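Please keep the model open beside it as you read.

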Amino acid sequence: MGLAALVSTLSQIIAALTPRVARLVLTAFAHRDPEGAWKAVASQALTEQVRQARTQAYQAAREFIITEFAASDPAPGAMPYIPSAAGYPQQSVDTLLEAHATKTPEDAAAAISAALASHVRDAARQTIERTAEDGLTPDPGEQAARTHLDTDQYTSLVDQVDWQALADEIDHIDAEAATRAAEDTPHLVRAASWARVLTGPNNCPFCIVVASRGPVYGSAEKAGALTATPKPPGVDTPSNRFHTGCDCAVVPIYNTATSPYRQQWETLERWYRDQIDAADLDRIRSDNIPIASVRQALQDGRRPDIPDIRATDYNLPDFTDNNLHHVLDGEPDGRRGGHRSGTGRPYKTEFPSEWSDEDIRDAISQTMAAPSKVATKDAMVYFYREVNGVIVCYQARRHQRTGELSFYAAYPFNGNGVVRNDRDKDTPGGTKQTPIPLNWNDVDKKHKPAKKNS
(Lines give C-alpha, C1' and ligand atoms only; values in the text may rest on other atoms or scores of the structure.)
Protein backbone atom coordinates (compact mmCIF):
# COMPACT_ATOMS: atom_id res chain seq x y z
CA MET A 1 0.00 0.00 0.00
CA GLY A 2 1.65 3.23 -1.21
CA LEU A 3 1.00 6.74 0.11
CA ALA A 4 -1.78 7.54 -2.36
CA ALA A 5 -3.50 4.28 -1.44
CA LEU A 6 -3.09 5.05 2.28
CA VAL A 7 -4.59 8.52 1.86
CA SER A 8 -7.43 7.05 -0.18
CA THR A 9 -8.07 4.28 2.36
CA LEU A 10 -8.18 6.73 5.26
CA SER A 11 -10.59 8.91 3.30
CA GLN A 12 -12.84 5.90 2.71
CA ILE A 13 -12.74 4.94 6.41
CA ILE A 14 -13.68 8.49 7.40
CA ALA A 15 -16.35 8.72 4.68
CA ALA A 16 -18.01 5.63 6.14
CA LEU A 17 -17.67 6.92 9.72
CA THR A 18 -18.94 10.48 9.20
CA PRO A 19 -22.62 9.75 8.43
CA ARG A 20 -22.81 7.35 11.39
CA VAL A 21 -21.34 10.00 13.69
CA ALA A 22 -23.70 12.63 12.32
CA ARG A 23 -26.77 10.43 12.87
CA LEU A 24 -25.70 9.62 16.44
CA VAL A 25 -25.06 13.27 17.28
CA LEU A 26 -28.30 14.48 15.72
CA THR A 27 -30.29 11.83 17.59
CA ALA A 28 -28.52 12.51 20.91
CA PHE A 29 -28.94 16.28 20.65
CA ALA A 30 -32.63 15.85 19.86
CA HIS A 31 -33.02 14.05 23.22
CA ARG A 32 -30.99 16.38 25.44
CA ASP A 33 -32.14 16.20 29.06
CA PRO A 34 -31.27 18.43 32.05
CA GLU A 35 -29.54 15.58 33.86
CA GLY A 36 -27.14 14.99 30.96
CA ALA A 37 -27.93 11.31 30.52
CA TRP A 38 -27.91 11.85 26.74
CA LYS A 39 -24.18 12.60 26.87
CA ALA A 40 -23.32 9.27 28.47
CA VAL A 41 -25.31 7.32 25.89
CA ALA A 42 -23.92 9.33 22.97
CA SER A 43 -20.35 9.15 24.25
CA GLN A 44 -20.37 5.38 24.57
CA ALA A 45 -21.85 4.88 21.09
CA LEU A 46 -19.50 7.39 19.44
CA THR A 47 -16.42 5.99 21.19
CA GLU A 48 -17.17 2.51 19.89
CA GLN A 49 -17.56 3.83 16.32
CA VAL A 50 -14.27 5.73 16.51
CA ARG A 51 -12.40 2.78 17.99
CA GLN A 52 -13.52 0.57 15.12
CA ALA A 53 -12.43 3.19 12.57
CA ARG A 54 -9.09 3.71 14.33
CA THR A 55 -8.45 -0.03 14.21
CA GLN A 56 -8.97 0.09 10.45
CA ALA A 57 -6.66 3.13 10.20
CA TYR A 58 -3.98 1.32 12.22
CA GLN A 59 -4.17 -1.69 9.90
CA ALA A 60 -3.83 0.60 6.87
CA ALA A 61 -0.76 2.26 8.43
CA ARG A 62 0.70 -1.16 9.18
CA GLU A 63 0.37 -2.21 5.54
CA PHE A 64 1.88 1.11 4.46
CA ILE A 65 4.92 0.63 6.71
CA ILE A 66 5.48 -2.87 5.33
CA THR A 67 5.29 -1.55 1.75
CA GLU A 68 7.70 1.32 2.44
CA PHE A 69 10.15 -1.02 4.17
CA ALA A 70 10.07 -3.53 1.30
CA ALA A 71 10.86 -0.74 -1.17
CA SER A 72 14.04 0.19 0.77
CA ASP A 73 15.87 -2.98 -0.29
CA PRO A 74 16.17 -4.45 3.24
CA ALA A 75 18.65 -7.11 4.29
CA PRO A 76 17.48 -10.74 4.04
CA GLY A 77 15.39 -11.74 7.03
CA ALA A 78 14.91 -8.16 8.24
CA MET A 79 11.46 -6.97 9.33
CA PRO A 80 10.18 -3.45 9.98
CA TYR A 81 9.45 -2.38 13.52
CA ILE A 82 5.70 -1.73 13.79
CA PRO A 83 4.41 -0.27 17.07
CA SER A 84 1.32 -1.65 18.73
CA ALA A 85 -1.99 0.13 18.29
CA ALA A 86 -2.62 3.01 20.68
CA GLY A 87 -5.73 3.06 22.84
CA TYR A 88 -8.53 5.58 22.57
CA PRO A 89 -10.08 6.91 25.79
CA GLN A 90 -13.78 7.72 25.97
CA GLN A 91 -12.77 10.99 27.61
CA SER A 92 -11.81 12.30 24.15
CA VAL A 93 -15.43 12.02 23.02
CA ASP A 94 -16.75 13.34 26.35
CA THR A 95 -14.69 16.49 25.88
CA LEU A 96 -16.07 17.05 22.38
CA LEU A 97 -19.68 16.59 23.47
CA GLU A 98 -19.20 19.02 26.32
CA ALA A 99 -17.52 21.61 24.08
CA HIS A 100 -20.35 21.58 21.54
CA ALA A 101 -23.30 20.90 23.87
CA THR A 102 -24.87 24.33 23.36
CA LYS A 103 -24.72 24.32 19.56
CA THR A 104 -27.54 23.44 17.23
CA PRO A 105 -27.69 19.71 16.42
CA GLU A 106 -26.57 20.37 12.83
CA ASP A 107 -23.57 22.52 13.80
CA ALA A 108 -22.58 20.09 16.56
CA ALA A 109 -22.76 17.14 14.16
CA ALA A 110 -20.50 18.91 11.66
CA ALA A 111 -17.93 19.98 14.28
CA ILE A 112 -17.82 16.65 16.10
CA SER A 113 -17.61 14.67 12.84
CA ALA A 114 -14.63 16.77 11.70
CA ALA A 115 -12.84 16.38 15.03
CA LEU A 116 -13.38 12.61 15.20
CA ALA A 117 -12.12 12.29 11.62
CA SER A 118 -8.84 13.79 12.83
CA HIS A 119 -8.78 11.29 15.70
CA VAL A 120 -9.05 8.47 13.15
CA ARG A 121 -6.27 9.88 10.97
CA ASP A 122 -4.11 10.21 14.09
CA ALA A 123 -4.27 6.45 14.62
CA ALA A 124 -2.37 6.03 11.34
CA ARG A 125 -0.11 9.05 11.78
CA GLN A 126 1.02 8.13 15.28
CA THR A 127 1.74 4.56 14.24
CA ILE A 128 4.05 5.79 11.49
CA GLU A 129 5.69 8.44 13.70
CA ARG A 130 6.52 5.84 16.31
CA THR A 131 8.37 3.66 13.78
CA ALA A 132 11.17 6.20 14.21
CA GLU A 133 10.63 7.80 17.59
CA ASP A 134 10.01 4.82 19.90
CA GLY A 135 13.02 4.42 22.11
CA LEU A 136 14.40 7.90 21.46
CA THR A 137 15.09 10.20 24.40
CA PRO A 138 13.67 13.66 23.59
CA ASP A 139 15.65 16.77 24.39
CA PRO A 140 13.16 19.42 25.58
CA GLY A 141 15.74 22.16 25.12
CA GLU A 142 15.67 21.90 21.33
CA GLN A 143 12.00 22.87 21.14
CA ALA A 144 12.60 26.06 23.12
CA ALA A 145 15.55 26.99 20.95
CA ARG A 146 13.52 26.40 17.83
CA THR A 147 10.39 28.42 18.59
CA HIS A 148 11.38 31.26 20.96
CA LEU A 149 13.27 33.59 18.63
CA ASP A 150 12.76 37.27 18.00
CA THR A 151 13.09 38.73 14.48
CA ASP A 152 16.79 39.58 14.73
CA GLN A 153 17.65 36.21 16.25
CA TYR A 154 15.80 34.32 13.57
CA THR A 155 17.26 36.34 10.69
CA SER A 156 20.71 35.76 12.11
CA LEU A 157 20.01 32.04 12.51
CA VAL A 158 18.96 31.67 8.86
CA ASP A 159 22.11 33.46 7.71
CA GLN A 160 24.30 31.17 9.82
CA VAL A 161 22.88 27.86 8.61
CA ASP A 162 25.43 25.74 6.78
CA TRP A 163 23.01 24.19 4.28
CA GLN A 164 25.64 21.91 2.75
CA ALA A 165 26.62 20.54 6.16
CA LEU A 166 22.95 19.98 6.91
CA ALA A 167 22.53 18.03 3.66
CA ASP A 168 25.62 15.94 4.48
CA GLU A 169 24.24 15.24 7.93
CA ILE A 170 20.91 14.06 6.52
CA ASP A 171 22.75 11.68 4.19
CA HIS A 172 24.25 9.95 7.23
CA ILE A 173 20.92 9.37 8.93
CA ASP A 174 20.40 5.97 7.31
CA ALA A 175 23.74 4.59 8.47
CA GLU A 176 23.18 5.81 12.03
CA ALA A 177 19.71 4.31 12.18
CA ALA A 178 20.88 1.02 10.73
CA THR A 179 23.63 0.81 13.37
CA ARG A 180 21.16 1.46 16.18
CA ALA A 181 18.78 -1.15 14.82
CA ALA A 182 21.55 -3.74 14.47
CA GLU A 183 22.67 -3.20 18.06
CA ASP A 184 19.13 -3.61 19.42
CA THR A 185 17.56 -6.34 17.29
CA PRO A 186 19.44 -7.69 14.27
CA HIS A 187 16.28 -8.63 12.39
CA LEU A 188 13.97 -5.79 13.51
CA VAL A 189 14.64 -2.52 11.69
CA ARG A 190 13.30 0.81 12.85
CA ALA A 191 12.71 3.61 10.38
CA ALA A 192 15.63 6.01 10.12
CA SER A 193 13.24 8.93 10.48
CA TRP A 194 9.83 10.13 9.38
CA ALA A 195 8.74 13.05 7.26
CA ARG A 196 5.50 14.95 6.95
CA VAL A 197 4.13 15.00 3.41
CA LEU A 198 1.50 17.38 2.06
CA THR A 199 -1.24 15.43 0.27
CA GLY A 200 -3.96 18.01 -0.36
CA PRO A 201 -4.93 21.69 -0.06
CA ASN A 202 -5.81 21.82 3.66
CA ASN A 203 -2.37 22.61 5.01
CA CYS A 204 -1.78 25.44 7.46
CA PRO A 205 1.53 27.37 7.65
CA PHE A 206 2.68 25.08 10.45
CA CYS A 207 2.12 22.01 8.26
CA ILE A 208 4.24 23.51 5.49
CA VAL A 209 7.08 24.48 7.84
CA VAL A 210 7.28 20.99 9.38
CA ALA A 211 7.00 19.32 5.95
CA SER A 212 9.85 21.50 4.65
CA ARG A 213 12.15 20.04 7.29
CA GLY A 214 12.03 16.66 5.60
CA PRO A 215 13.14 13.59 7.60
CA VAL A 216 12.74 15.06 11.07
CA TYR A 217 14.20 12.26 13.17
CA GLY A 218 17.79 11.19 12.77
CA SER A 219 18.99 10.70 16.34
CA ALA A 220 17.78 10.95 19.91
CA GLU A 221 19.34 14.41 20.16
CA LYS A 222 17.40 15.64 17.14
CA ALA A 223 14.10 14.19 18.30
CA GLY A 224 13.54 17.26 20.47
CA ALA A 225 9.86 17.63 21.34
CA LEU A 226 8.69 15.99 18.13
CA THR A 227 6.97 13.04 19.73
CA ALA A 228 3.68 11.19 19.35
CA THR A 229 4.25 9.37 22.65
CA PRO A 230 3.86 11.12 26.05
CA LYS A 231 5.60 14.50 26.19
CA PRO A 232 8.61 15.01 28.48
CA PRO A 233 8.37 17.44 31.43
CA GLY A 234 8.49 21.09 30.42
CA VAL A 235 7.35 20.57 26.83
CA ASP A 236 3.91 21.99 26.13
CA THR A 237 3.46 21.85 22.36
CA PRO A 238 4.74 18.96 20.22
CA SER A 239 5.67 20.01 16.70
CA ASN A 240 3.85 17.11 15.09
CA ARG A 241 0.36 18.37 15.99
CA PHE A 242 -2.31 18.25 13.29
CA HIS A 243 -5.25 20.60 12.90
CA THR A 244 -8.82 19.48 12.19
CA GLY A 245 -9.23 18.62 8.53
CA CYS A 246 -5.46 18.49 7.98
CA ASP A 247 -4.43 16.71 4.77
CA CYS A 248 -0.89 15.92 6.00
CA ALA A 249 0.43 12.40 6.09
CA VAL A 250 3.51 11.10 7.88
CA VAL A 251 5.76 8.62 6.11
CA PRO A 252 8.57 6.39 7.45
CA ILE A 253 11.96 7.06 5.89
CA TYR A 254 14.24 4.06 5.61
CA ASN A 255 16.59 5.54 3.00
CA THR A 256 16.71 9.32 2.58
CA ALA A 257 18.76 9.15 -0.62
CA THR A 258 16.18 7.10 -2.52
CA SER A 259 13.01 8.24 -0.77
CA PRO A 260 10.23 9.09 -3.25
CA TYR A 261 9.25 11.99 -0.96
CA ARG A 262 12.63 13.69 -1.05
CA GLN A 263 11.72 15.90 -4.02
CA GLN A 264 8.75 17.30 -2.10
CA TRP A 265 10.62 18.23 1.06
CA GLU A 266 13.54 19.71 -0.93
CA THR A 267 11.10 21.81 -2.99
CA LEU A 268 9.36 22.92 0.19
CA GLU A 269 12.67 23.77 1.85
CA ARG A 270 13.66 26.03 -1.06
CA TRP A 271 10.20 27.67 -1.13
CA TYR A 272 10.27 28.16 2.65
CA ARG A 273 13.68 29.86 2.54
CA ASP A 274 12.46 32.14 -0.26
CA GLN A 275 9.47 33.20 1.84
CA ILE A 276 11.72 33.98 4.80
CA ASP A 277 13.85 36.18 2.55
CA ALA A 278 10.77 37.88 1.05
CA ALA A 279 8.86 38.36 4.31
CA ASP A 280 7.71 41.88 5.13
CA LEU A 281 8.71 41.96 8.80
CA ASP A 282 6.82 45.23 9.32
CA ARG A 283 3.56 43.36 8.62
CA ILE A 284 4.32 40.45 10.92
CA ARG A 285 2.81 40.61 14.38
CA SER A 286 4.02 37.35 15.84
CA ASP A 287 6.92 36.01 17.87
CA ASN A 288 7.12 32.99 15.56
CA ILE A 289 8.70 34.49 12.45
CA PRO A 290 8.90 31.23 10.42
CA ILE A 291 5.19 30.45 10.76
CA ALA A 292 4.19 34.07 10.25
CA SER A 293 6.34 34.38 7.11
CA VAL A 294 4.69 31.35 5.54
CA ARG A 295 1.23 32.57 6.53
CA GLN A 296 2.02 35.93 4.91
CA ALA A 297 3.08 34.20 1.69
CA LEU A 298 -0.14 32.15 1.57
CA GLN A 299 -2.25 35.25 2.21
CA ASP A 300 -0.45 36.99 -0.66
CA GLY A 301 -1.28 34.09 -2.97
CA ARG A 302 2.21 32.50 -3.08
CA ARG A 303 2.01 28.74 -2.72
CA PRO A 304 4.61 25.99 -3.03
CA ASP A 305 4.35 24.05 -6.27
CA ILE A 306 3.88 20.60 -4.74
CA PRO A 307 2.13 17.84 -6.73
CA ASP A 308 -1.00 16.60 -5.00
CA ILE A 309 -0.30 12.98 -4.07
CA ARG A 310 -4.02 12.25 -4.40
CA ALA A 311 -3.78 12.77 -8.15
CA THR A 312 -2.33 9.28 -8.52
CA ASP A 313 -5.73 7.95 -7.48
CA TYR A 314 -7.29 9.37 -10.66
CA ASN A 315 -7.10 7.57 -13.97
CA LEU A 316 -7.33 10.52 -16.35
CA PRO A 317 -7.89 9.88 -20.06
CA ASP A 318 -5.37 10.98 -22.68
CA PHE A 319 -5.56 14.62 -23.74
CA THR A 320 -6.55 14.39 -27.43
CA ASP A 321 -6.32 16.72 -30.42
CA ASN A 322 -10.08 17.20 -30.19
CA ASN A 323 -9.70 18.23 -26.54
CA LEU A 324 -7.02 20.75 -27.54
CA HIS A 325 -9.27 22.13 -30.32
CA HIS A 326 -12.02 22.64 -27.74
CA VAL A 327 -9.60 24.54 -25.46
CA LEU A 328 -8.12 26.71 -28.20
CA ASP A 329 -10.98 27.43 -30.61
CA GLY A 330 -14.11 26.42 -28.71
CA GLU A 331 -17.32 24.80 -29.88
CA PRO A 332 -19.63 26.12 -32.63
CA ASP A 333 -22.24 27.19 -30.05
CA GLY A 334 -19.95 30.09 -29.12
CA ARG A 335 -20.21 29.34 -25.41
CA ARG A 336 -17.93 26.41 -24.64
CA GLY A 337 -14.15 26.53 -24.84
CA GLY A 338 -12.09 29.06 -26.76
CA HIS A 339 -9.14 30.13 -24.61
CA ARG A 340 -6.42 30.91 -27.18
CA SER A 341 -5.26 34.51 -26.98
CA GLY A 342 -7.37 36.78 -29.21
CA THR A 343 -10.38 34.44 -29.44
CA GLY A 344 -12.55 37.01 -27.69
CA ARG A 345 -15.36 34.85 -26.33
CA PRO A 346 -17.35 36.69 -23.64
CA TYR A 347 -16.54 35.79 -20.02
CA LYS A 348 -13.75 33.42 -21.10
CA THR A 349 -10.17 33.64 -19.85
CA GLU A 350 -7.39 33.54 -22.43
CA PHE A 351 -3.86 32.21 -22.23
CA PRO A 352 -0.97 34.73 -22.49
CA SER A 353 -0.50 36.09 -26.00
CA GLU A 354 3.07 34.73 -26.22
CA TRP A 355 1.96 31.14 -25.56
CA SER A 356 1.89 28.88 -28.61
CA ASP A 357 -0.61 26.07 -29.08
CA GLU A 358 2.09 23.58 -28.04
CA ASP A 359 2.84 25.65 -24.93
CA ILE A 360 -0.82 25.37 -23.98
CA ARG A 361 -0.93 21.63 -24.64
CA ASP A 362 2.22 21.12 -22.58
CA ALA A 363 0.88 23.18 -19.66
CA ILE A 364 -2.34 21.17 -19.60
CA SER A 365 -0.38 17.90 -19.73
CA GLN A 366 1.79 19.02 -16.80
CA THR A 367 -1.35 19.89 -14.83
CA MET A 368 -2.87 16.47 -15.48
CA ALA A 369 0.35 14.65 -14.57
CA ALA A 370 1.23 16.53 -11.37
CA PRO A 371 -1.43 18.94 -10.13
CA SER A 372 -0.68 21.12 -7.12
CA LYS A 373 -4.30 21.08 -5.99
CA VAL A 374 -7.21 18.69 -6.57
CA ALA A 375 -10.76 19.72 -5.69
CA THR A 376 -14.13 18.08 -6.22
CA LYS A 377 -17.65 19.44 -6.47
CA ASP A 378 -20.54 17.14 -7.29
CA ALA A 379 -19.54 15.18 -10.41
CA MET A 380 -16.67 17.55 -11.29
CA VAL A 381 -12.99 17.12 -10.38
CA TYR A 382 -10.67 20.12 -10.77
CA PHE A 383 -6.89 19.81 -11.18
CA TYR A 384 -4.69 22.91 -10.76
CA ARG A 385 -1.03 23.61 -11.39
CA GLU A 386 1.05 26.75 -11.84
CA VAL A 387 3.00 26.63 -15.11
CA ASN A 388 5.27 29.56 -16.02
CA GLY A 389 3.35 31.98 -13.85
CA VAL A 390 -0.12 30.81 -14.97
CA ILE A 391 -2.50 28.70 -12.89
CA VAL A 392 -3.93 26.14 -15.30
CA CYS A 393 -7.14 24.25 -14.53
CA TYR A 394 -8.02 20.87 -16.05
CA GLN A 395 -11.62 19.93 -15.33
CA ALA A 396 -12.95 16.37 -15.57
CA ARG A 397 -16.45 14.96 -15.14
CA ARG A 398 -17.13 11.70 -13.31
CA HIS A 399 -19.71 9.44 -14.95
CA GLN A 400 -22.37 8.42 -12.45
CA ARG A 401 -22.70 4.83 -13.69
CA THR A 402 -19.07 3.84 -14.36
CA GLY A 403 -17.23 6.24 -12.05
CA GLU A 404 -14.74 7.01 -14.85
CA LEU A 405 -13.47 10.52 -15.53
CA SER A 406 -13.68 12.21 -18.90
CA PHE A 407 -12.40 15.53 -20.21
CA TYR A 408 -14.74 18.46 -19.63
CA ALA A 409 -12.65 21.64 -19.91
CA ALA A 410 -9.19 23.18 -19.50
CA TYR A 411 -8.39 26.86 -19.20
CA PRO A 412 -6.14 29.47 -17.58
CA PHE A 413 -7.60 30.27 -14.17
CA ASN A 414 -5.42 33.34 -13.62
CA GLY A 415 -1.79 34.36 -13.92
CA ASN A 416 0.77 36.55 -15.62
CA GLY A 417 -0.56 37.61 -19.02
CA VAL A 418 -4.00 36.00 -18.50
CA VAL A 419 -7.02 38.14 -19.42
CA ARG A 420 -10.79 37.67 -19.18
CA ASN A 421 -13.21 38.98 -21.79
CA ASP A 422 -15.74 41.00 -19.79
CA ARG A 423 -18.74 42.84 -21.19
CA ASP A 424 -17.99 46.43 -22.09
CA LYS A 425 -20.84 48.53 -20.72
CA ASP A 426 -19.81 51.46 -22.89
CA THR A 427 -19.99 49.45 -26.12
CA PRO A 428 -23.24 47.54 -26.82
CA GLY A 429 -22.37 43.94 -27.55
CA GLY A 430 -18.67 44.63 -27.07
CA THR A 431 -16.10 43.17 -24.69
CA LYS A 432 -13.03 44.46 -22.92
CA GLN A 433 -10.07 42.49 -21.63
CA THR A 434 -9.45 42.47 -17.87
CA PRO A 435 -6.07 41.22 -16.58
CA ILE A 436 -6.44 38.38 -14.05
CA PRO A 437 -3.22 38.34 -11.98
CA LEU A 438 -1.72 35.22 -10.42
CA ASN A 439 -3.39 34.45 -7.08
CA TRP A 440 -3.77 31.01 -5.51
CA ASN A 441 -6.16 32.44 -2.93
CA ASP A 442 -8.77 32.82 -5.66
CA VAL A 443 -8.54 29.06 -6.32
CA ASP A 444 -9.08 28.34 -2.64
CA LYS A 445 -12.04 30.74 -2.50
CA LYS A 446 -13.69 29.04 -5.45
CA HIS A 447 -13.78 25.72 -3.62
CA LYS A 448 -14.52 27.03 -0.14
CA PRO A 449 -17.90 25.75 1.14
CA ALA A 450 -20.65 28.32 1.02
CA LYS A 451 -21.78 29.73 4.36
CA LYS A 452 -25.20 28.81 5.64
CA ASN A 453 -27.87 31.48 5.60
CA SER A 454 -28.42 32.77 9.09
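1. Of the 454 residues of the protein, 46% count as buried. Buried means under 20% relative accessible area, exposed means over 50%, and partly exposed lies in between, with a 1.4 Å probe and protein chains only. This is a predicted model, where local features need pLDDT of at least 70, side-chain atom pairs count only at pLDDT 80 or more, and totals for chains, interfaces and linings use all residues. Residues are numbered from 1 along each chain as its sequence is written, and side-chain values use heavy atoms, with hydrogens and water left out.

2. The protein has 15 helices and 11 strands. Both are DSSP runs, numbered from the N terminus: helices are H or I with at least four residues, strands are E with at least two. Now take the contacts with a separation of 6 or more: 66% of them join residues 24 or more positions apart. Contact means heavy atoms within 4.5 Å.

3. Look at helix α12, residues 289-299. Is it mostly covered or mostly open? It is mostly covered, as nine of its 11 residues are buried. Among them are I289, P290, V294 and L298. G301 follows α12, and its phi is positive, near 85 degrees.

4. Two residues other than glycine also deserve a check of phi. D73 has a positive phi, near 60 degrees. It sits in the loop between α2 (37-70) and β1 (79-80). D73 is exposed, with a relative accessible area of 69%. N388 has a positive phi too, near 50 degrees. Its loop runs between β7 (380-387) and β8 (390-398). N388 is exposed, at a relative accessible area of 70%.

5. Next, the four-stranded sheet. It is open, its order is β6-β7-β8-β9, and the pairing is antiparallel. Two strands pair if DSSP finds at least two bridges between them. The edge strands are β6 (373-377) and β9 (405-415), and each pairs on one side only. On average, neighbouring strands of this sheet are turned by 20 degrees against each other, direction ignored. Axes here are lines fitted to C-alpha atoms, for helices over the stretch in contact, and angles run from 0 to 180 degrees between N-to-C directions.

6. Stay with that sheet. Nine bridges join β8 to β9, which run antiparallel. R397 stands opposite S406 in β9. Helix α14 (residues 357-369) packs on the sheet and touches β7, β8 and β9. The direction of α14 makes about 120 degrees with that of β7.

7. A second sheet has three strands. It is open, with the order β5-β10-β11 and antiparallel pairing. β5 and β11 (431-435) stand at the edges with a single partner strand each, so one side of each has no neighbour in the sheet. Five bridges join β10 (residues 419-423) to β11.

8. Now K348, in the loop between α13 (321-329) and β5 (349-350). What is the nearest side chain of opposite charge to K348? It is D333, 7.7 Å away. K348 is buried yet has no salt bridge. A salt bridge is a side-chain nitrogen of Lys or Arg within 4 Å of a carboxyl oxygen of Asp or Glu. For charge, Lys and Arg count as positive and Asp and Glu as negative, while His and the chain ends are not counted. Leaving out residues up to four places away in sequence, K348 touches R335, R336, G337, G338, H339, V419, R420 and N421.

9. The cut-off used is a pair of cysteine sulfur atoms within 2.5 Å. The closest cysteine sulfur to that of C207 is in C204, at 3.4 Å, too far for a bond. C207 is buried, with a relative accessible area of 1%. C246 is in no disulfide either, and the nearest cysteine sulfur, that of C248, is 3.5 Å away. C246 is buried, with a relative accessible area of 1%.

10. Last, N315, in the loop between α12 and α13. N315 is exposed, with a relative accessible area of 68%. Along the chain, N315 and M368 are 53 residues apart. Their C-alpha atoms are separated by 10.0 Å.
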